[in-house]
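Colleague: I am new to this structure and would be grateful for a guided discussion. May I put some questions to you while we look at it together?

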Amino acid sequence: MQNGAPRFPFPYKPYSIQEQFMEALYRTLDEGKIGIFESPTGTGKSLSLICGALAWLRDHEERKRREAASVLQEAGADGSSSGDQQDTSQGSSSSSTAPSSSSSTSAEPDWITDFIQKKTERDLVNKLKEEEVKRKRREERLELVRHNAQLKYALKRKTSEDEEAARLLRLSKNSLEEGPGSGAGLEEGEEELIVAEYESDDDAKPKNRFCDEDDDDDLEEDHVTKIYYCSRTHSQLAQFVHEVQKSPFAADISLVSLGSRQNLCINEDVRKLGSVQLINDRCMELLKNKHEKKEKPAEEEPKRRRGAAKAVCPFYKHDGLQALRDEVLVKVRDIEQLVAQGRETKACPYYGGRLAIPAAQLVVLPYQTLLHEGTRRASGIKLKDQVVIIDEAHNLTDTITCIHSSEVTGAQLCCAHSQLSQYLECYRKRLKAKNVLYIKQILFVLEGLVRVLGGSVGQNPQSQPCQPGTQLLTINDFLFSAQIDNINLFKVQRYFEKSLISRKLCGFVERYQGAGVKVNVSNKENRRTEGLGRFLQALQSGQPPQPVPTPDQKVAEEGRQTSMASPMMQVEGFLFALTNANKDGRVVIQRQGVVAQSSVKFLLLNAAVHFAPVLRECRAVIIAGGTMQPVADFRDQLLLSAGVSEDRISEFSCGHVIPAENILPIILCSGPSGQQLEFTFQNRDTPQMMDETGRILSNLCNVVPGGVRCLARLAAKKKIFQEPKKASQVEQVLTEYSKCIQRCGNAGGPLTGALLLSVVGGKMSEGINFSDDLGRCVVMVGMPYPNIKSPELQEKMAYLDKHMPQVGGRSPGRALVENLCMKAVNQSIGRAIRHRGDYACIVLLDHRYSRPTTLHKLPEWIRTSTQIQPSFGPAFSSVRKFFLEKKQQQDGV
């Protein structure tokens, strides 16, 4: 701090808007508020987040150390010990209690008040001493790891005869192993790792000793203040970590990057499975095998083995994981670097990274890991009094809704019922009574869900017709309709979690789908499971079961594909969703002519109910993005609805780093022939509107250099490229688009560039940069309103109208529709301006953009420069003048 203002180390001289951003961020974190931060792409938002947040963390930790030192010094000066009051405590504990908040302090005797005060001070001193000891231990351990890493580097550069360096390395390793926390068993942190045997829901059972959380003091470092940073994709998280590596804080911050097993697994036998679900299942199975091997001593094993020994993961070893954990904490690494380090140390990066969470100061993780409570708990993430930064948060409400919504098809329901029925018949004699009871309950629920779709579980869903139509019900009404209202879904949910029946069912299906695994079952059971395989193949192909067997390789492949679908896991997610409060969700029943294609879908209406725990537990939450307008959705639907008070919410929005003259936003109300531009559903496809749009584009392409990005199905004079249907083809189209613009710029001639046609909300609407000549003009054709006739949207609107106050005299439901539209517009038009020297023209083709309420929902840096042009002539002149001036400036340079 200098002159009362926080200092922000920065790799270069920051822009003024970056300094404003960091000041506002620091203040929000220091005051423990919820901040909505908007900083356009190209303004260095990530670096501002890093330097602002880590500067606060540095100062916060320094304040904590000074305060702790002061308290400890005062305690030492007093000369009092925890035993001074022991006699008083023993004498008074039976006759007195702490005064309640409602009673007056003066009503209690002085000796009681004095005792309570001294006990509080004594507890605080003891806690601070424990935290100081843990902090010193952590620093000592990390210093040893740093020393170890330096020696390893030295060994790589020197010859093998360098005995002294080798001796030092051995000494360092021995010191590290003998240091604090060494010798802890494999039990630490395994509560979420061990596959539980499915038994009863008896909560009175003794806790599994592998679930103890206090075996290793090093893992419970509650005194370490953390910043959890999350974004949407692994590439965005990797980009953030690279920014941290370039920042002045790189050498001092302990950072861990979390990811999925698919991204972090280094076991090639598991990685080659490809599917996320198969990788997860195999990993959990290997851990279970290791657990069983450790639990059962060799002398207790039967002398006669049946089958080969179960495989375990060679990269899940306690010493290796501990070493990798320490390596992670001493150097900032992204996902790829973490994987490389895991390969070098032969330790699992997935679990090694999770072990590093308690001691880390900055935890980088995907959206789903943070926003889903079950995943948070399984990953060992504790948000109490910590800081959360959610970046790229423009679709945060939709993201939470999608994470907690669920859909299951009739084919999946019938498939899950068939699998579970076969499983029960095959292993009935080996299952305990409680297991049989719950499996029968699940089968009963599945029968009810299929019955709701108009079908029966005893027949092929592909051949069962049903009356087409859509029905929307509350959760309670749906349970009554399915006749499963007498089932306690909370107990069923607990059974799913404890028994892991969905995962066991996947293994059961793989075994009997022609994978070549033989099991000791009767001929009758073999016939049953053979029929199961044919039934599953029929569901996948959409054809009736064929008696002719397929080749083993093809059958095995089909088995893997069916396992990827994991129908029971889909059912499990849907049943979990039904445990939401009745008012917070709806169930949509969609019948599509046949049961297999019909579905039941849970729609979450209140995203705030799942975001509230994050807001309640955290010290501060930052919701950031390049375009956050309109912010009403975040403030009203996520924050206020979650119980956050108005005074705890702060908003910050900064302008762009580009000069105002480098952007030309135009709202065009009519075309060259005077036709008013209004692309409503009724007239957007009329010949008059299409012709007028074509004339506008034709004129614009004559004066716009480089690339023109148009969001609709139109024609133009430039070379036309169209957004592909497959995501895998996007890169190829963009490459050809870029090469065409480059060729046209170098060769000259009548063809001056290209026209890229893309769809709002499609594959090119966000996450792709159209900087410089790739996007000199963005043309937004019409207003991309969502389908207002959608049952899901109508129910969401009705929910908001019932539970939210009016917005500017308009119903919250109508405001939601316009906000969804303008969010899509803002994301699309922001693709063109990507850095300080960039320039572009933005043309909004629809007179409805000129309405004050709509105009106000554009980002401020665009809105302040926007021209409203009633006719085409003046608008075209402005565009031509804009690009002529830019050309003259470039020629002058």
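Colleague: Where is the place of Pro630?

Modeller: The model before us is a predicted one. In this model, a cis peptide bond joins Gln629 and Pro630, with omega at about -10 degrees. Most peptide bonds are trans. As for the place of Pro630, the residue belongs to the loop between β10 (620–625) and α25.

Colleague: How do helix α25 and helix α29 pack, and are they parallel or oblique to each other?

Modeller: Helix α25 (residues 632–639) and helix α29 (residues 812–829) have their axes 11 Å apart and pack at an angle of about 130 degrees. In the crossing, which is left-handed, α25 passes α29. Angles of 65 to 115 degrees count as roughly perpendicular and those over 145 as roughly antiparallel. The two helices α25 and α29 are therefore oblique.

Colleague: How do the residues of the contact of α25 with α29 divide into nonpolar, polar and charged?

Modeller: From α25, the contact of α25 with α29 is made by Ala632, Asp633, Phe634 and Gln637, and from α29 by Leu816, Asn819 and Lys823. Sorted by type, the residues of this contact are three nonpolar, two polar and two charged.

Colleague: How many aromatic pairs does a search of the whole structure find?

Modeller: One aromatic cluster is formed by Phe21, Phe37 and Phe652. For the whole structure, the number of aromatic pairs found by the search is 16.

Colleague: Is the pair of Phe10 and Tyr12 stacked or edge-to-face?

Modeller: A pair of aromatic rings is described by the distance of the centres and the angle of the planes. Phe10 is buried, at a relative accessible area of 14%, while Tyr12 counts as partly exposed at 41%. The ring centres of Phe10 and Tyr12 are 5.2 Å apart and their planes stand at 85 degrees, so the pair is edge-to-face.

Colleague: How many residues apart in sequence are the parts that the pair of Tyr316 and Tyr351 ties together?

Modeller: The ring centres of Tyr316 and Tyr351 lie 5.3 Å apart with planes at 85 degrees, so this pair is edge-to-face. Tyr316 is buried, with a relative accessible area of 5%, and Tyr351 counts as buried at 4%. Tyr316 is in the loop between α9 (276–295) and α10 (318–330), whereas Tyr351 is in helix α12 (residues 349–355), so the pair ties together parts whose separation in sequence is 35 residues.

Colleague: Is Lys384 buried or exposed?

Modeller: Lys384 is found in the loop between α14 (373–379) and β5 (387–390). Lys384 and Arg616 are 232 residues apart in sequence, yet 8.5 Å apart in space, C-alpha to C-alpha. Since a relative accessible area over 50% counts as exposed, the 58% of Lys384 makes this residue exposed.

Colleague: What percentage of the residues of the chain count as buried?

Modeller: The chain has 32 helices and 18 strands. Of the contacts in the chain with a separation of 6 or more, 79% are between residues 24 or more positions apart. Among the 893 residues of the chain, the share that counts as buried is 49%.

Definitions and conventions: Residues are numbered from 1 along each chain as its sequence is written. This is a predicted model: local features need pLDDT of at least 70, side-chain atom pairs count only at pLDDT 80 or more; totals for chains, interfaces and linings use all residues. Side-chain values use heavy atoms; hydrogens and water are left out. Axes are lines fitted to C-alpha atoms, for helices over the stretch in contact, and angles run from 0 to 180 degrees between N-to-C directions. Helices (H or I, at least four residues) and strands (E, at least two) are DSSP runs, numbered from the N terminus. Angles under 35 degrees count as roughly parallel, over 145 as roughly antiparallel, 65 to 115 as roughly perpendicular and the rest as oblique. A crossing is left-handed if the near helix is turned anticlockwise from the far one by less than a right angle, and right-handed if clockwise. Contact means heavy atoms within 4.5 Å. Ala, Val, Leu, Ile, Met, Phe, Trp, Tyr, Cys and Pro count as nonpolar, Asp, Glu, Lys and Arg as charged, and the others, Gly among them, as polar. Rings of Phe, Tyr and Trp (its six-membered ring) pair if their centres lie within 6.5 Å; planes under 30 degrees apart count as stacked, over 60 as edge-to-face and the rest as tilted. Buried means under 20% relative accessible area, exposed over 50%, partly exposed in between (1.4 Å probe, protein chains only).
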